[in-house]
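Subject: Handover of a structure for your review

Dear colleague,

Please find the structure below, followed by an account of what was found in it.

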Amino acid sequence: MKTLPSIPTSSPFTEAQRLWLNGYIAGLISEADDSPPVSSKPKLRVPVMYASQSGNSEALAESFAGQLSEAGFDAPCFSTEDYSEIDLTSEKRLILVSSTWGEGDPPDNAIDFWNALQSDEHPRLENLSYGVLALGDTNYLEFCAQGKAFDKRLEELGAKRFIDRADCDTDFEEAAEAWFESVRGILAKEQGDDAPASAAKSSHAAPNEPKWSKKNPFPARLLMNRRLNGENSARDTRHFEIELTGSGLSYEVGDVLGLYGHNHPQAVDELTALLAFDGDSIVTLTDGESMSLRTALIERFDIRTVNRPLLEAWARITESESLQQLLADENDASAVEDYLWGREIIDLVAEHRPRFADPSDFLALLRKLGPRLYSISSSPKAHPGEVHLTIARVGYEAHGRRRFGVCSTYLSDRVYPEGEVKVFLQEAKHFKLPGSLDTPVIMVGPGTGIAPFRAFLEERKATEAPGLNWLFFGNPHEADDFLYREQLEELQSEGVLTRLDTAWSRDQEEKIYVQQRMIEAGAELWKWLEEGAHFYVCGDAKRMAKDVDDALHSIVAQHGGKTETEAASYLSTMKKEKRYQRDVY
Ligand SMILES: Cc1cc2nc3c(=O)[nH]c(=O)nc-3n(C[C@H](O)[C@H](O)[C@H](O)COP(=O)(O)OP(=O)(O)OC[C@H]3O[C@@H](n4cnc5c(N)ncnc54)[C@H](O)[C@@H]3O)c2cc1C
Ligand SMILES: NC(=O)c1ccc[n+]([C@@H]2O[C@H](COP(=O)([O-])OP(=O)(O)OC[C@H]3O[C@@H](n4cnc5c(N)ncnc54)[C@H](OP(=O)(O)O)[C@@H]3O)[C@@H](O)[C@H]2O)c1
Ligand SMILES: Cc1cc2nc3c(=O)[nH]c(=O)nc-3n(C[C@H](O)[C@H](O)[C@H](O)COP(=O)(O)O)c2cc1C
């Protein structure tokens, strides 16, 4: 708020003279001031909170808060991690944007908030009116589960919805903006704004929108595709180098690269043959663009994933009794989950043959082919103008058919060096090296989880960071699956990598995993934590990250002499202080 210059009470003027002079000065200033008149209306307060793992909900919440502030609302933006900074019992309004992770779980930054909200002791929220925007992915059976859970719990606590929740799929941008338009309309009315909501729409974020983005990816040159496993390995993990020169794109270690792949042409041809479509026939997409059906299926549509909405549509179209039976019990998700395991659209077509009058009726059932995200495995300081990735090629057999992951096989097999790949950058605010170069770091990254830690180590070397670095790495066999072995050994001999603990899961009869190595080194690990080390985990979310978290709890309890509750609280504080960070998928 602007403060006007004025004559203080300590001046030699009489009180009457002082008041007159202050009025005169204010008049002069307001005549000369060409800024818009300051509204005397009190600002409506609308805090915006986000529960976010990979930044989508966070970016939306920041944009919503920015637009509301520009439209004259008092709209601070909070992470659910900082929930103690906001007293919901005294707030009147709240916008909450939440994604869902794991299998219907809250993102890491929302775990404590969600636990607090669920507690029987949580105070009632009768004065609060709220709106929830949920982000998720219909490929997960627990679609938008956390957003739904927040919505339900706030209602149970007595809060009133001022707008119905919207559940958004992976292409959430348009649906989120439409939901926010309605929010803005409701709030503008409440504030008594005369202008229609659409007129109040500000240009927030538009002027700074980067040239290359998820919507408009950069056509980058693939420079290198190198297999990292030995020839006897059953795994196929690749090292890719991509050129960013000329794009204006920049990143930090810890960030993620988004990449658009193409479906395998052979898979498309098999599908069109089964459906008795002509791949050369021309189709017009919803955005008005026309192309051959074959091209549309290769480049634009997800032809692999069967999710519940698609299964329901298929059951209707084919009038299949077995599918209808499978879907009948909405409360038993496990039967659907079992059926979907390893099945793709081509299996549905083969097992429950539909009749489509026109290919466009089939296309109308498909989701857009979305990008895949990859943890960046290079430091821009070590490789200016380049970005490196470490990707496991997904190939497996299911229900008698050979299957290929879309993006990992596109990059591995169908784009040649010098070829073009469409990429965009996604900042990972939740996965950053410590601000201080002196801070020690502990990294746990089995399999492709090594990716961001190669980048971290390159960065620590390039910045000559004196902080100690400890890496836990695991893979099936030492001889063939020791990814980046030479580089890691060199970093060790240079003193950059202080300690490397490896877990070769299949080099002996009993499986050995990284968490076992952590337990073995528990006393030392605890010492590092007490000295302020940051702890990072990357890789498989379903099993590894959970087991590593359990191991960390038991190390803190055993070596810190703590109860289970105290150990949980120790790690929760580490998370709040951003000393325990995860990039898991
Ligand atoms: C933030 C983030 C960072 C990531 N970083 C990396 C990284 O650094 N390196 C990396 O390799 N990946 C990474 N991933 C995973 C990556 O985004 C892709 O999910 C992965 O490459 C598979 O994509 P795809 O298109 O090749 O396969 P898709 O076509 O998407 O197929 C994958 C799907 O196939 C099915 N499937 C896979 N294996 C089997 C099996 N054995 N049996 C039955 N079904 C199976 C599963 O449903 C799986 O979801 C990351 C993901 C996220 C969210
Ligand atoms: N969510 C996902 O879609 C996802 C996530 C990660 C990996 N994958 C898929 O898995 C394949 C390879 O991925 P990757 O290279 O990253 O390796 P990975 O499968 O994560 O395996 C890396 C190492 O971790 C071990 N491991 C298995 N279970 C573990 C656990 N509970 N705790 C700790 N370590 C454990 C593995 O041992 P064993 O294999 O010997 O048991 C292996 O030695 C790819 O096909 C990839 O797509 C999928
Ligand atoms: C490992 C992983 C697990 C996920 N689990 C779910 C889930 O159970 N249900 C769901 O609807 N979406 C799930 N998603 C999708 C995310 O919610 C979605 O990508 C969202 O846009 C992420 O938003 P954020 O960046 O704000 O966290 C999952 C995504 C990943 C990578």
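Helices (H or I, at least four residues) and strands (E, at least two) are DSSP runs, numbered from the N terminus. This is a predicted model, in which local features need pLDDT of at least 70 and side-chain atom pairs count only at pLDDT 80 or more, while totals for chains, interfaces and linings use all residues. Residues are numbered from 1 along each chain as its sequence is written, chains are lettered from A and ligands numbered from 1 in the order in which they are written, and side-chain values use heavy atoms, with hydrogens and water left out.

Ligand 1

Strand 12 (372–375), strand 13 (386–392) and helix 14 (406–414) each give at least two residues to the shell around ligand 1. Strand 12 makes the largest contribution, with four residues. The shell has 19 residues, of which R372, L373, Y374, C407 and S408 come nearest; a residue is near a molecule or strand if one of its heavy atoms lies within 4 Å of it.

Several polar contacts (pairs of N or O atoms within 3.5 Å; within protein, one must be able to donate a hydrogen and the other to accept it, and residues adjacent in sequence count only if both atoms are side-chain atoms) involve the ligands. In ligand 1, an oxygen atom lies 2.7 Å from a polar backbone atom of L373, and a nitrogen atom lies 2.8 Å from a polar backbone atom of T390. An oxygen atom of ligand 1 is also 3.4 Å from an N or O atom in the side chain of Y396. On its own, ligand 1 has 1000 Å² of accessible area, and the protein covers 71% of this; such areas come from the Shrake-Rupley method with a 1.4 Å probe, and for residues only the protein chains shown count as cover.

By class, the shell around ligand 1 has eleven nonpolar, five polar and three charged residues. Here Ala, Val, Leu, Ile, Met, Phe, Trp, Tyr, Cys and Pro count as nonpolar, Asp, Glu, Lys and Arg as charged, and the others, Gly among them, as polar. Domain 3 (218–261 + 371–426) and domain 5 (441–584) each supply at least three residues of this shell; the domain bounds come from an automatic or database domain assignment.

Ligand 2

Domain 3 and domain 5 also each provide at least three residues of the shell around ligand 2. This shell holds 19 residues, and the closest are T448, S505, R506, Y513 and D547. Oxygen atoms of ligand 2 lie 2.6 Å from an N or O atom in the side chain of R506 and 2.5 Å from one in the side chain of Y513. The protein covers 78% of the 870 Å² of accessible area that ligand 2 has on its own. Strand 18 and helix 20 (544–560) are the elements that give two or more residues to this shell. Its residues divide into seven nonpolar, six polar and six charged.

Ligand 3

Around ligand 3 there are 20 residues, with S52, S54, S57, T100 and C144 the closest. A polar side-chain atom of S54 is 2.5 Å from an oxygen atom of ligand 3, and an N or O atom in the side chain of S57 is 2.7 Å from an oxygen atom of this ligand. A backbone N or O atom of N56 lies 2.8 Å from an oxygen atom of ligand 3. Taken alone, ligand 3 exposes 640 Å², and the protein buries 91% of that. The shell comprises six nonpolar, eleven polar and three charged residues.

Sheets

Strand 12 and strand 13, named above for ligand 1, belong to an open sheet of six strands in the order 12-9-16-7-8-13, with antiparallel pairing; two strands pair if DSSP finds at least two bridges between them. Strand 12 and strand 13 are its edge strands, each pairing on one side only. Within this sheet, strand 7 (residues 218–227) and strand 16 (residues 420–426) run antiparallel and are joined by four bridges, with P219 opposite K422.

Strand 18 (residues 469–475) pairs with strand 19 over six bridges in the parallel sense, and G474 stands opposite A503.

With kind regards
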